[in-house]
Amino acid sequence: GDCAVHITAAGTGFSHIKVGDAALGHGLAALASLSKSDARLMAAITDSLSFEQACTLPTTWCTVHMSLLAARPASGHDVLLHAGAGGVGLTSKEYCHFIGNRAMANVGRPYKHFYLHKMGLAGRTLSSRDGSAFALGASKLLGSGRLRFSLNSLSADFIACTFGLLRQDGKLCEIGKRAVWSYERHEAACCNHFTMIALDSTIDQTPWW
């Protein structure tokens, strides 16, 4: 799990962290007093981050980074962020702002809309409660355009609506686990692109990533 730690012992073959460093990353038994990890999953941090802040970063930022690498939207592209007020949603909003994407996001409660408006998405938030309201709102925001990328964690009608809003070369990156589309269902229904993002599997299979 995500952790922020003091390094008390270290192996050999790497130089980016050392004993005595503060670090963040992914560790086994991350809530225990002592935790073990692969050095390739850790990075040193400075005093600019508290341990509480640092331990919120690894999974959210790595998930968003994987998704953006898979989709590779460019500056000026329209992107949709489902559940935009969650950890991954807020991180992806920052990432897309850095790239220069035109982001829109869906959220539920009014205070979440207000919060995203203050973050620069005024007039570009949509409903995450009602699939029909979401589809209508997104279509109006896009006008004659289409989405280049969407990061999804919702289910049911939101998935089908999102695929309908994507360009032919657009990509939906799925981070949800329940009621998601299979690759076979997507291939039978759509001509755009679809990939499932699973950080836990990636860490197991390619920790050097």
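Guide: Happy to! A salt bridge here is a side-chain nitrogen of Lys or Arg within 4 Å of a carboxyl oxygen of Asp or Glu. Side chains of opposite charge can pair when their charged atoms come close. Please keep in mind that this is a predicted model.

Let's begin with D78. The side chain of D78 meets that of R102 in a salt bridge, at 3.0 Å from N to O. Since D78 lies in strand β4 (residues 78-81) and R102 in strand β5 (residues 102-107), the pair ties together parts that are 24 residues apart in sequence. With a relative accessible area of 12%, D78 is buried, while R102 counts as partly exposed at 43% relative accessibility.

D78 has another partner too: R124 forms a salt bridge with D78, and their closest N and O atoms are 3.6 Å apart. This pair links distant parts of the chain, 46 residues apart, with R124 in the loop between α4 (110-121) and β6 (125-127) and D78 in strand β4. Through shared partners, the salt bridges join D78, R102 and R124 into one network.

Now for another pair. R40 forms a salt bridge with D38, the closest N and O atoms being 2.7 Å apart. Here R40 counts as partly exposed at 47% relative accessibility, and D38 counts as partly exposed at 27%.

Note on methods
Residues are numbered from 1 along each chain as its sequence is written. This is a predicted model: local features need pLDDT of at least 70, side-chain atom pairs count only at pLDDT 80 or more; totals for chains, interfaces and linings use all residues. Side-chain values use heavy atoms; hydrogens and water are left out. Buried means under 20% relative accessible area, exposed over 50%, partly exposed in between (1.4 Å probe, protein chains only). Helices (H or I, at least four residues) and strands (E, at least two) are DSSP runs, numbered from the N terminus.
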